[in-house]
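Subject: Structure handover

Hello,

Here is the structure I promised to pass on. My notes follow below it.

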Amino acid sequence: MSKRTSARFKCCLRCKALLLSQASICPNCRSSEFTTDWSGIVIVFDPENSVIAKALNLTKPGRYAIKCR
Ligand SMILES: [Zn+2]
């Protein structure tokens, strides 16, 4: 993962969604608390049938960070 990628995105502290850095509110959970200190991208297409989505407790399709603090 390049440093460029992580600079372009930020992670929602509440639901781990990855958002473009210019986003002001999380479309998933309406939180406005973000961090740029994240690593690993998971793209979930089908949360119902995704082992990774279940492991990370993700219920909506989208792009998420594996680690987000
Ligand atoms: Zn969120």
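From the N terminus on, the elements run α-β-β-β-β-α-β. That makes two helices and five strands. Both kinds of element are DSSP runs, numbered from the N terminus: helices are H or I with at least four residues, strands are E with at least two. The chain is as compact as a globular protein of 69 residues, because its radius of gyration is 11 Å, close to the 11 Å from the globule rule. That radius is taken over C-alpha atoms, and the rule is 2.2 Å times the number of residues to the power 0.38. Along the principal axes, the C-alpha atoms fill a box of roughly 30 × 25 × 20 Å.

Two points on the source. This is a predicted model: local features need pLDDT of at least 70, side-chain atom pairs count only at pLDDT 80 or more, and totals for chains, interfaces and linings use all residues. Residues are numbered from 1 along each chain as its sequence is written.

Pairing of strand 1

Strand 1 covers 9-12. It runs antiparallel to strand 2 (residues 18-20), with three bridges between them. Strands pair here if DSSP finds at least two bridges between them. C11 stands opposite L18 in strand 2. Strand 1 is also joined to strand 3 (residues 34-35), again antiparallel, by two bridges. There the bridge partner of C11 is T35.

Two positive phi values

Strands 1 and 2 form a hairpin with five residues between them. K16 sits in that loop. Its phi is positive, about 70°, although K16 is not a glycine. K16 counts as buried, because it has 22 C-beta neighbours inside 10 Å. The cut-offs: buried means 20 or more other C-beta atoms within 10 Å of the residue's own, exposed means 12 or fewer, partly exposed lies in between, and C-beta atoms are placed from the backbone.

R30 is another non-glycine residue with positive phi, near 65°. It lies in the loop between strand 2 and strand 3. R30 is exposed, with 10 other C-beta atoms within 10 Å.

Buried residues make up 19% of the chain. The largest nonpolar core has 10 residues: C11, C12, A17, L18, C26, F34, W38, Y64, A65 and C68. Strand 5 gives the largest share, three residues. A nonpolar core is a set of buried Ala, Val, Leu, Ile, Met, Phe, Trp, Tyr and Cys residues joined through C-beta atoms within 7 Å.

Which contacts does C12 make, leaving aside neighbours within four places in sequence? They are A17, L19, C26, N28, C29, S31 and F34. Contact means that the two C-beta atoms, placed from the backbone, lie within 7 Å.

A65 lies in strand 5 (residues 62-68). A65 is buried, with 22 other C-beta atoms within 10 Å. Beyond four places in sequence, A65 is in contact with C11, K16, L18, W38, S39, G40 and I41. A23 is 42 residues from A65 along the chain, and their C-alpha atoms are separated by 16 Å.

Across the chain, take the contacts with a separation of 6 or more: residues 24 or more positions apart account for 40% of them.

Best wishes
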